[in-house]
Amino acid sequence: MSDVSKVVSMRDAVARFVHDGDTVVIEGFTHLICFAAGHEIIRQGRRDLTLCRLTPDLIYDQMIAAGCARKLVFSWAGNPGVGSLHAFRRAVEGRGAPRLEIEEYSHFGMVARFAAGAARLPFWPLRNYMGTDLPRVNPRIRHVTCPYTGEALATVPALNPDVSIIHAQRADAQGNTQIWGLLGVQKEAAFASAHVIVVVEELVDEAVIRADPNRTVIPALIVDAVVVEPWGAHPSYAQGYYDRDNGFYVAWEARSRDRDALERYLDDFVRGVSDRAAYLEKQPDLAARLKAKERRCAGVNYGF
Amino acid sequence: MMASVAARELVDGEVVFVGIGLPNLACNLARATHAPRLVLVYESGAVGATPARLPVSIGDPALVTGSLMVCGMADVFQLILQNGRIAVGFLGGAQVDRYGNINTTVIGSYERPAVRLPGSGGAAEIAIHARRTLVVAKLSPRTFPAHVDFITSPGHGGAGASRRQLRMPGAGPVKVITDKAVLEVDEGTGELVLAALYPGVEASDVRGCVGWPLACRPRPGRVAPPDATELRLLRDVLDPERLYLKG
């Protein structure tokens, strides 16, 4: 492995690895959702993307509103604890917005798709979907007969994105990436992808990674680019760095319901800023409101 | 009231798959009262969570701090749920039908929905795998039609195949906790029947809120209202900001 640093700007990472028509994954289950990358994709005007995520969340709602998406692959499309993703709903309910193609699973189904993709298998078997209407509306959920027991098992096809964008607490310049707190399906999504962009709160020395190797979720050997973007997951959160901006999520209900208010938001906070630093300058109160409290663990003895 | 009724259904030491909203409140109430050793599993990957604040979402950072284990979601669904380790699953729904089938996907047709709902999340697999499922929903004719528009999470099949024939590991919905009464599944027919009434509610009030001729247990019980301790915990400790408690 070469020792050349993979650290690049968000602008360069998106320009190089996200193309019109690509299948793109920005993962993170509530935790570590990389809004900074989604915003840069909107700024660069990407079109016809197939966006995949378990929970499209506000980030894909914004990207759908901005016209980046042709298709959405997902398992739960809501604003957790609040309500709807209204740009998504307008596009699916056919209320004026351009129609969005959808391909829908359950969480287990999406997890299994990433697992198959990560292991480079064509499909993944799971004991699921009997008695539900999901296979009726999604013909890609199929069945296989177990060659050992004869049992009929549901199958889902591998998901192999063109690029996955993974937000994390820290990585070294090669892309050895450490995550703690909720892990979602980031590891599977990264290994399933042709390219991986890692976005981190902090760039650390390789020695920091080597001191605690069990915390490494994504190794440098699958990483193409490392972007350093503090607060890059806001209004999502980064355990140990900043809390979720629940107020922003609550406010999204009214904001996304009103198409003009949503456009104004995109103009002010996405298209109207040059990069993440400018986004943060517009919101100087974030650290005071959301900075994480100290809750350190003791560490372990890795000696032999 | 619904939260305290749901909490009482949980047995100390059980492993519960916790959903967003009222189930979250019910599980934390049970843990603070009669079931301190309840193991809360969230689909986000927290196992044995002891949230210090009521989580707004099932991915809240407070679920991680001080929990027994945090794992990836592939582990949650394969090693915990499909492995058969979940005793109780909690589900809500926009529609619940005569046989306990739940719809959280669409109102109207799938291709041209009148209302697009969030979809399954983990609900389909919870309904299939949890050893028993508790459903929480407010009673209204709109929420309790004879047939749901879309089966997201399977109940008891109705006229079709039984859960056993379909080889579902779990027993499915056993109780539906509403804001007026508790419904139970009749083991013979797979239908929801009236099992217990809240104080001041009559069977006719409940029948008017469901879209099928609701059968009734021979002697429906009366549900005790929340006691002073439960009320204090719910209002002052667990949900002081009224995230889930309304009215």
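Two strands count as paired if DSSP finds at least two bridges between them. The model shown in these close-up views is predicted.

**View 1. Strands S6 and S7 of chain A pair with each other.** Strand S6(A) and strand S7 of chain A, which covers residues 152-157, run in the antiparallel sense and are joined over four bridges. Within this stretch, Val144(A) stands opposite Leu153(A), a residue of S7(A).

**View 2. An open sheet of three strands in chain A.** The strands follow the order S5-S7-S6, with antiparallel pairing, and the two at the edges are S5 (123-126) and S6 (142-145) of chain A, each of which pairs on one side only. On average, and with direction ignored, neighbouring strands of this sheet are turned by 40 degrees against each other. Helix H5(A) lies across S5 and S7 of chain A and runs at about 140 degrees to S5(A).

**View 3. The two domains of chain A.** Domain 1 is made of residues 10-106 together with 161-288, while domain 2 takes in residues 123-157. Four residues of domain 1 of chain A are in contact with five residues of domain 2 of chain A, and on the domain 1 side these are one nonpolar, one polar and two charged. The centres of the two domains, taken over C-alpha atoms, are separated by 30 Å.

**View 4. The contact between chain A and chain B.** Chain A brings 42 residues to this contact and chain B brings 41 residues. Among the elements of chain A that give two or more residues are helix H4 (86-93) and helix H5 (107-118), and H5(A) gives the most, with four residues. By class, the chain A side has 17 nonpolar, 15 polar and 10 charged residues.

Note on methods. Residues numbered from 1 in each chain as written. Chains lettered and ligands numbered in written order. Predicted model: local features only at pLDDT ≥ 70, side-chain atom pairs only at ≥ 80, totals over all residues. Contact = placed C-beta atoms within 7 Å. Nonpolar A, V, L, I, M, F, W, Y, C, P; charged D, E, K, R; others polar. Domains from an automatic or database assignment. Axes fitted to C-alpha atoms, helices over the stretch in contact; angles between N-to-C directions.
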